[in-house]
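Here's a walk through a protein structure, taken one piece at a time. Keep the sequence and the 3D view handy as you read.

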Number of protein chains: 2
Amino acid sequence: MKLWLLSALVALLCVAAVPSSAEAAAAGEDEFMQTAIDEAVNGVGKGEGGPFGAVIVKDGKILVRAHNQVLLTHDPTAHAEVQAIRKASALLGRFDLSDCVLYASCEPCPMCLGAIHWAKLRKVVYGATRYDAANAGFDDSYIYEVIQGKAKVLQVAMEHRPGSGDDRPFALWKQKTDKTQY
Amino acid sequence: MKLWLLSALVALLCVAAVPSSAEAAAAGEDEFMQTAIDEAVNGVGKGEGGPFGAVIVKDGKILVRAHNQVLLTHDPTAHAEVQAIRKASALLGRFDLSDCVLYASCEPCPMCLGAIHWAKLRKVVYGATRYDAANAGFDDSYIYEVIQGKAKVLQVAMEHRPGSGDDRPFALWKQKTDKTQY
């Protein structure tokens, strides 16, 4: 066999054996989602919290994984996404996670969606929805309705009491020269 | 002076000296709000975070106070309200703060409003607004617009990828007999 023909055959075999980058990314994304779901299952099994899991991915690899720990910690903010963001920020030593992607077993609630924005995450991939969560007895969908002005009953009374110096913190912030805006 | 007249005078003096319960509550509420504002000012002074403070009140007394510590901790979720909720929950050993009231120097962002709902707080009193926060460079108002479907630009891409076992955690949760719903 001529050398050029052998080379061409080897090249063809390599192309066929190695998945495209798109396929590799999709396979990775499936793994990330499965890990998030496994986290949720593990959390329920341990009795640490509700059925929710999340992973944060950086440079194509899982950086941290977390599940809901509200029952274990007594911290009502210890949702899977918040726990993952806290872990990732602690690990990287920065609040800015704009180079990371979050995979969640379920659509983030408004608290977690807010946390995702503050962490500057650019992308979120989620499996189940707020309606699946509602069907399991969780208030995600209700809190969305409150913020959207669609809730018929308000569980939390919000009282705006302006004045009496509430502009002092902002005035101080604006005149601070060495501040880090986040 | 006759005894009944003296008694009546003493009673009148007592009524005049002791504020009504409404006045006492109002004075207390002013103190709570001032403490929240002072926390915000202290936090900025120490360089620990943005210009936001909060207190949680239980049985008419301040249980915990907190300020934003995003810059100190690198935790993007370390807003004043979230920090206060975490402290109060740790102190009381429960995620349910339905017997508490939160005072915040500024209107809670969607993340904090979500946390407030998950903590089952029944009342929030706030001073400055989301628009004051926006004026100082914070995204509170923007995140409200995202959730309300009013944002013109979406900073976070949300990708719904259903299926592939994302119902497993909920199925496990529903069949769990010893669970605590929160």
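This is a predicted model: local features need pLDDT of at least 70, side-chain atom pairs count only at pLDDT 80 or more; totals for chains, interfaces and linings use all residues.

What follows goes from the overall layout to the strands, then to a few individual side chains.

Residues are numbered from 1 along each chain as its sequence is written, chains are lettered from A and ligands numbered from 1 in the order in which they are written, and side-chain values use heavy atoms, leaving out hydrogens and water.

Let's start with chain A as a whole. It has eight helices and five strands (DSSP runs numbered from the N terminus, with at least four residues of H or I for a helix and at least two of E for a strand). Reading from the N terminus, the order is α-α-β-β-α-α-β-α-β-α-α-β-α. Of the 182 residues in chain A, 51% are buried, meaning under 20% relative accessible area, with exposed being over 50% and partly exposed in between (1.4 Å probe, protein chains only). Among contacts in chain A with a separation of 6 or more, 48% are between residues 24 or more positions apart; a contact means heavy atoms within 4.5 Å.

Now zoom in on strand S4 of chain A, residues 123–128, where five of the six residues are buried. On one pairing, S4(A) runs parallel to S3(A), joined by five bridges (strands pair if DSSP finds at least two bridges between them). Ala104(A) stands opposite Tyr126(A) in S4(A). To get from S3(A) to S4(A), the chain passes through helix H5 of chain A, residues 110–118, in a right-handed β-α-β crossover. Right-handed here means that, with the strands pointing away from the viewer, the path from the first strand over the helix to the second runs clockwise. S4(A) also pairs with the other chain: four bridges join it, in parallel, to strand S5 of chain B, residues 157–160. There, Val125(A) stands opposite Glu159(B).

Helix H5 of chain A also carries His117(A). Is this histidine buried or exposed? His117(A) counts as buried, because its relative accessibility is 6%. Its side chain reaches the backbone oxygen of Leu113(A) at 2.9 Å. Leaving out residues up to four places away in sequence, His117(A) touches Tyr142(B), Ile143(B), Val146(B) and Val156(B).

Ser89(A), in helix H4 of chain A, is buried too, at 1% relative accessibility. Apart from neighbours within four places in sequence, its contacts include Arg94(A) and Phe95(A), along with His74(B), Asp75(B) and Pro76(B).

That brings us to the rings. The structure holds 14 aromatic pairs over all chains. One of them is Phe95(A) with Tyr182(A), edge-to-face at 6.1 Å centre to centre and 75° between the planes. Phe95(A) lies in the loop between helix H4 and strand S3 of chain A and Tyr182(A) in the segment after helix H8, so the pair ties together parts 87 residues apart in sequence. For the cut-offs, rings of Phe, Tyr and Trp (its six-membered ring) pair if their centres lie within 6.5 Å; planes under 30 degrees apart are stacked, over 60 edge-to-face, and the rest tilted. Phe95(A) is buried at 14% relative accessibility, and Tyr182(A) is buried at 6%.

Note on methods:
A polar contact is a pair of N or O atoms within 3.5 Å; within protein, one must be able to donate a hydrogen and the other to accept it, and residues adjacent in sequence count only if both atoms are side-chain atoms.
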